[in-house]
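Colleague: I have a new protein open and would like to talk it through. Could you help me to read it?
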Amino acid sequence: MTVDLTFDDGLIPAIAHDAESGQVLMFAYASPEAIERTEETGLAHYYSRSREELWQKGATSGHVQHVEAIRVDCDGDALVYEVEQEGGACHTGYESCFYRTVETVERTDASVAVSTTETGEQLFDPEEVYE
């Protein structure tokens with residue numbers, strides 16, 4: 001079966017989750033080139049909107065993601081990378097980028113603010129890794 005992926009401004013949301021535990025590790029965007037490089041190399045590639053460039057997860061930190069499978073959702077507009085993560089997935093040093101649990105929500109006309117509790121495990125000091 002062939003699925004035509006839907007890209008918004010050339011990008012598609014990509015969620016990385018641990019293939020063994022199912023834990024959500026991170027959210028990023030992938031370009032067509034990032035998906036091709038991921039499939040070719042078996043290592044997760046994404047597109048950095050802030051740097052406006054293709055990047056391999058872990059190229060700087062060594063915390064690479066070995067991609068076991070790429071899943072596409074029913075609408076063809078989002079991906080899941082099933083990965084084996086080496087080290088922490090989050091640039092803040094945590095195992096997952098989703099290391100905070102929302103406790104309360106405060107909404108104003110212009111924004112939404114949440115108070116959180118840290119629930120994840122920090123695996124490394126980012127100041128030491130990203131010198």
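This is a predicted model: local features need pLDDT of at least 70, side-chain atom pairs count only at pLDDT 80 or more; totals for chains, interfaces and linings use all residues.
Modeller: The conversation below moves from the overall fold to single residues.

Colleague: What are the dimensions of the C-alpha trace?
Modeller: Along the principal axes of the protein, the C-alpha trace spans about 45 × 40 × 30 Å.

Colleague: And how much of the protein is buried?
Modeller: The protein has 131 residues, and 31% of them count as buried.

Colleague: Which domain does UniProt annotate here?
Modeller: An unreviewed UniProt entry carries the annotation "domain: Phosphoribosyl-AMP cyclohydrolase", covering residues 26-99. In the model, the chain over residues 26-99 is 14% helix and 38% strand.

Colleague: Let us turn to the cysteines. Which ones carry the "binding site" annotation?
Modeller: According to the unreviewed UniProt entry, the "binding site" annotation covers Cys74, Cys90 and Cys97. These residues span 24 residues in sequence, and their farthest two C-alpha atoms are 27.4 Å apart, so they do not all gather at one spot. From this set, Cys90 and Cys97 belong to the lining of the largest pocket.

Colleague: Where does cysteine 74 sit, then, and is it buried or exposed?
Modeller: Cysteine 74 is in the loop between strand S5 (65-72) and strand S6 (79-85). With a relative accessible area of 76%, cysteine 74 is exposed, because exposed means over 50%.

Colleague: What about cysteine 90: where is it, and is it buried or exposed?
Modeller: Cysteine 90 lies in the loop between S6 and strand S7 (100-107). Its relative accessible area is 4%, so cysteine 90 falls under the 20% limit and is buried. Cysteine 97, in turn, counts as partly exposed, at 28% relative accessibility.

Colleague: How many disulfides does the structure hold?
Modeller: The structure holds zero disulfides.

Colleague: New topic. Which residues form the nonpolar patch on the surface?
Modeller: The patch is formed by Ile15, Val24, Phe27 and Phe98, which together have about 340 Å² of accessible area. Phenylalanine 27 is in strand S2 (residues 24-30). At 41% relative accessibility, phenylalanine 27 counts as partly exposed.

Colleague: Valine 24 is in that patch. How far is it from glutamate 95?
Modeller: Valine 24 and glutamate 95 are 71 residues apart in sequence, while their C-alpha atoms are 9.8 Å apart in space. Glutamate 95 lies in the loop between S6 and S7. Glutamate 95 is partly exposed, with a relative accessible area of 32%.

Colleague: How does that look for glutamate 131 and glutamate 36?
Modeller: Glutamate 131 and glutamate 36 are 95 residues apart in sequence and 30 Å apart in space, from C-alpha to C-alpha. Glutamate 131 is in the segment after helix H2 (126-129). It counts as exposed, at 84% relative accessibility.

Colleague: One last topic, the backbone. What is the phi of aspartate 9?
Modeller: The phi of aspartate 9 is near 55°, a positive value in a residue other than glycine. Aspartate 9 is in the segment before strand S1 (12-18). Aspartate 9 is exposed, with a relative accessible area of 76%.

Colleague: And what is the phi of glutamate 52?
Modeller: For glutamate 52, phi is near 55°, again a positive value in a residue other than glycine. Glutamate 52 lies in the loop between strand S3 (45-48) and strand S4 (53-56). With a relative accessible area of 62%, glutamate 52 is exposed.

Note on methods: Residues are numbered from 1 along each chain as its sequence is written. Side-chain values use heavy atoms; hydrogens and water are left out. A disulfide is a pair of cysteine sulfur atoms within 2.5 Å. Buried means under 20% relative accessible area, exposed over 50%, partly exposed in between (1.4 Å probe, protein chains only). Patches are made of residues with over 30% relative accessible area and no salt bridge: like charges are joined within 9 Å, nonpolar side chains (Val, Leu, Ile, Met, Phe, Trp, Tyr) within 5 Å. Accessible areas come from the Shrake-Rupley method with a 1.4 Å probe; for residues, only the protein chains shown count as cover. A salt bridge is a side-chain nitrogen of Lys or Arg within 4 Å of a carboxyl oxygen of Asp or Glu. Helices (H or I, at least four residues) and strands (E, at least two) are DSSP runs, numbered from the N terminus. UniProt positions are given in the numbering used here, feature names are shortened, and annotations may be inferred rather than shown by experiment. On a 1 Å grid over the protein atoms alone, a cavity is a set of points where a 1.4 Å probe fits but cannot get out, and a pocket is an open set with protein on both sides within 12 Å along at least five of seven lines; lining residues have an atom within 4 Å of a point.
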